[in-house]
Amino acid sequence: MESKMQCNVSQMWGPKMPQGLDLEISHHPMTMRRVVNLIIAMERLKDGVSEAVLSTSFRDESLLNIMMDSIVEEHIVFERSSSPPDQFSRTGVYPCNISDSQKRNFLLVQNSMELHAVMLQGGSDNRKVLLNMSTYVHPSPTIEARPVALCIKDTDLYLSCHHEDGVPTLHLEPVEDKTSLKTITRESEMVRFLFYKRDSGVNISTLMSARFPDWYISTSEYENRPVMMCQESTQSYQTFNIQRQS
């Protein structure tokens, strides 16, 4: 079987090789993946680079580059077609300032453990909440939004979304062991800490619950009301200006 494959490949491409270039197959055994790489490389030689092969400047390195280009392209296709991992993996953390479309900042109300959206007056910037945003790689990279987790800076309080009386609601939950959020499987209860950050402009984003699709972090049209989870059709503000801090 091995010798037959070698013979067939050599006969197939021998007459089509550019003049002055011979093909010698020396790898044993030849797998179908290597055959595909070989065919891709020969097509490139036949269709696009024959003149370059015959030029006086063509060297062994030139042929190697052509072959490697074909192998790299095939490798990328192979990686994309493989099954995605079944977990979200954290890639980084950075502090950010967040305000809603009405330029209201978040304030922490300690007695109720809620975030409120408030229009701060001059000199009150020290009261606003800054968030540490953790970014993740999505198990399905075709998703256009970026998974993130949001923690109030200098605390262990994370924003989470889970059912309360049958409705997705926003909560602040303490997470003492932050390494538990380093990787999160799709079916894990920890998915409640993840939100899909979808950008619609420079620093303008929505934050949708990863656990409950079509439910978004939102602010009320009224002043000093709790930040909440709402569906897109609800009369609320759901876009935020999220600016990375140095």
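Strand β7 supplies the largest share, four residues, of the lining of the second largest pocket. Strands here are DSSP runs of E with at least two residues, numbered from the N terminus. The structure is a predicted model, in which local features need pLDDT of at least 70 and side-chain atom pairs count only at pLDDT 80 or more, while totals for chains, interfaces and linings use all residues. Residues are numbered from 1 along each chain as its sequence is written, and side-chain values use heavy atoms, with hydrogens and water left out.

**The second largest pocket**

The volume of this pocket is about 190 Å³. A pocket is an open set of points on a 1 Å grid over the protein atoms alone, where a 1.4 Å probe fits and protein lies on both sides within 12 Å along at least five of seven lines; lining residues have an atom within 4 Å of a point. Grid points are joined across faces, edges and corners, and the volume is the space filled by probe spheres set on the points. Among the lining residues are Met113, Glu114, His171 and Pro226. Two elements, β3 (114-118) and β7 (167-174), each give two or more residues to the lining. By type, the lining divides into seven nonpolar, two polar and one charged residue. In this division Ala, Val, Leu, Ile, Met, Phe, Trp, Tyr, Cys and Pro are nonpolar, Asp, Glu, Lys and Arg are charged, and the others, Gly among them, are polar.

**Aromatic rings**

Rings of Phe, Tyr and Trp (its six-membered ring) pair if their centres lie within 6.5 Å; planes under 30 degrees apart are stacked, over 60 edge-to-face, and the rest tilted.

| Pair | Centre to centre | Angle between planes | Geometry |
|---|---|---|---|
| Phe106 and Phe240 | 5.9 Å | 80 degrees | edge-to-face |
| Tyr158 and Phe193 | 6.1 Å | 80 degrees | edge-to-face |

Phe106 belongs to strand β2 (residues 105-109) and Phe240 to strand β14 (residues 240-244), so their pair ties together parts that are 134 residues apart in sequence. Phe106 is buried, at 1% relative accessibility, and Phe240 is buried at 0%. Buried means under 20% relative accessible area, exposed over 50%, and partly exposed in between (1.4 Å probe, protein chains only). The other pair links Tyr158 in strand β6 (residues 157-164) with Phe193 in the loop between β8 (183-185) and β9 (194-201), 35 residues apart. Both Tyr158 and Phe193 are buried.

A further ring, that of Tyr94, has Arg244 over its face, at 4.1 Å from the ring centre. A charge sits over a ring if NZ of Lys or CZ of Arg is within 6 Å of the ring centre and within 35 degrees of the ring normal.

**Ser99 and its contacts**

Ser99 is part of strand β1 and counts as buried at 13% relative accessibility. Leaving aside neighbours within four places in sequence, Ser99 is in contact (heavy atoms within 4.5 Å) with Arg104, Asn105, Phe240 and Asn241.

**Positive phi values**

Most residues other than glycine have a negative phi. Lys103, however, has a phi near 65 degrees; this residue lies in the loop between β1 (87-100) and β2 and is exposed, with a relative accessible area of 66%. Asp214 has a phi near 75 degrees. Asp214 is placed in the loop between β10 (204-209) and β11 (215-218) and is partly exposed, at 45% relative accessible area.
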